[in-house]
Amino acid sequence: MEASKRLIGLDFARAWALFGMLIVNFIVITNAEHNGPTWLITVTSLFQGRASALFVLLAGIGISLMSRKAVASHDKAKIIAIRQMIWKRSLFLFVIGLLLYVMEWTGDILHYYGVYLFMAAVLITVRDRILYGLGAAILITAQCLQLVFDTFKGWGGPVPFMHYVDFWTLEGFVRNLFFNGYHPIFPWFCFFIIGLLIGRIDFHNKALRMKLLIIGASVTITMELLSKMLTYLFIPSMGSESAEFLFSTGPILPNVLYILSAAGSAIAFLILCLFLTEKYDKGWFINAIVHTGQLTLTHYVSHVVIGIGVLIALNRLENQSLIFASIYSFCFFLFSILCSVLWRKSFSRGPIELLMRKITG
């Protein structure tokens with residue numbers, strides 16, 4: 001597999017992660033999660049927590065690929081240079097994310113990205129086994145924190161997990177960032193670490209990719225079955241609320257089973273994207289989706305500014321049906337694809353991606 005094809009596969013996966021995130025975010029923001037037919041609730045719930053996990057995992061892969069040459073050279077000047085560039089980009093994303101938060105987009109992930117990147121810059125030279133240990137430590141620590149402290153502290157308002165009342169205080173910000181926000185470092189940074197590790201593998205090796213596909217799918221299936229079994233077994237003794245808290249594979253709250261299940265599905269989906277784009281790299285559909293994946297930062301910001309802005313203008317922001325929210329998400333994804341194809345005829349990167357490159361190098 002050529003290097004360019006490998007990147008095409010990553011962009012292809014990134015576009016579908018965007019699609020999943022659009023579905024989840026537009027459904028949540030319109031409060032349509034349970035207002036629809038059972039089959040649609042089941043389908044849309046599959047994206048919850050998994051699209052974002054794939055996004056974070058892909059970001060980790062990107063950092064590994066970006067820093068690969070500098071790390072392999074063992075040249076301290078090159079390594080320092082790449083770290084400084086990552087830190088600049090982390091600051092850029094952190095600021096953009098907070099600006100979105102100021103616009104009352106409380107589901108922002110970019111400011112978390114900023115912190116992930118800042119930490120990852122330190123880890124680019126760390127050995128694999130230390131990364132495995134760090135990931136395990138973060139996962140275990142996160143689960144312990146959830147058991148010891150109040151995971152709902154800071155959340156308020158009539159709709160659960162929509163408003164973090166003390167986000168703009170030091171205590172609230174740190175709590176949200178590390179412990180009980182939408183994508184807290186404990187345990188969400190585990191996805192980034194997995195991405196760092198995957199970004200170090202030889203993507204030319206088809207056998208290794210197939211092995212990863214099998215491992216990813218197996219882990220997800222095992223965790224889902226384990227979740228169902230443990231929940232069923234422990235409901236009589238601890239009640240349904242406690243059993244689901246400990247053993248569900250939903251993103252809220254992100255327990256061990258969720259992290260492993262979402263990581264497995266993200267890896268499996270990514271490998272499938274690599275195989276697919278390798279075989280059909282000349283197709284117009286593949287190219288259109290790849291172009292969309294190359295502009296995901298722009299599309300993420302636009303789905304807040306334009307996507308939610310249109311919903312507000314149409315007075316369709318609250319108490320909508322699941323069918324409406326799903327169709328709106330699909331239409332916005334088509335709009336993003338069209339804009340991407342047209343934009344890429346003249347520019348190699350999206351407008352916000354270009355701005356980030358211009359500022360951070």
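In the predicted model, the second largest pocket is lined by 31 residues, and those nearest its centre are Asp-11, Arg-14, Gly-62, Met-356 and Arg-357. The elements contributing two or more residues to this lining are H1, H3, helix H4 (76-102), helix H5 (110-123), H13 and helix H15 (351-360). Of these contributions the largest share, eight residues, is that of H1. The space in the second largest pocket amounts to about 1,000 Å³, and its lining divides by class into 18 nonpolar, six polar and seven charged residues.

The largest pocket holds about 1,500 Å³ of space. Its lining comprises 48 residues, among which Glu-33, Gln-48, Gly-250, Pro-251 and Ile-252 are the closest to the centre. Two or more residues of this lining are given by each of helix H1 (3-29), helix H2 (38-45), helix H3 (50-73), helix H9 (206-238) and helix H10 (240-247). Here, too, H1 supplies the largest share, with six residues. The lining of the largest pocket consists of 23 nonpolar, 19 polar and six charged residues.

Helix H11, spanning residues 256-279, contains 24 residues and extends 35 Å from its first C-alpha to its last, a value close to the 34 Å expected at 1.5 Å a residue. The N-terminal end of H11 is capped by Asn-255, of which a side-chain oxygen is placed 3.1 Å from the backbone nitrogen of Leu-257. The loop between H11 and helix H12 (284-293) contains Asp-281. With a relative accessible area of 13%, Asp-281 is classed as buried, because this value is under the 20% cut-off. Although Asp-281 and Ile-8 are separated by 273 residues in sequence, their C-alpha atoms are 8.0 Å apart in space.

Leu-7 belongs to helix H1 and is partly exposed, since its relative accessible area of 40% falls between the limits of 20% and 50%. Between the C-alpha atoms of Leu-7 and Val-95, which are 88 residues apart along the chain, the separation is 27 Å.

In helix H13 (residues 296-313), Ser-302 was examined individually. Its relative accessible area is 13%, so Ser-302 is buried under the 20% criterion. When residues up to four places away in sequence are not counted, Ser-302 touches Gly-307 and Phe-332.

Conventions
Residues numbered from 1 in each chain as written. Predicted model: local features only at pLDDT ≥ 70, side-chain atom pairs only at ≥ 80, totals over all residues. Heavy atoms only, no water. Helix = DSSP H or I, 4+ residues; strand = E, 2+ residues; numbered from the N terminus. Expected span 1.5 Å × (residues − 1). Polar contact = N/O pair within 3.5 Å; in protein donor to acceptor, adjacent residues only side chain to side chain. Buried < 20%, exposed > 50% of the residue type's maximum accessible area, 1.4 Å probe, protein only. Contact = heavy atoms within 4.5 Å. 1 Å grid on protein atoms, 1.4 Å probe; cavity = no way out; pocket = protein on both sides within 12 Å on 5 of 7 lines; lining within 4 Å. Points joined across faces, edges and corners; volume = space filled by probe spheres on them. Nonpolar A, V, L, I, M, F, W, Y, C, P; charged D, E, K, R; others polar.
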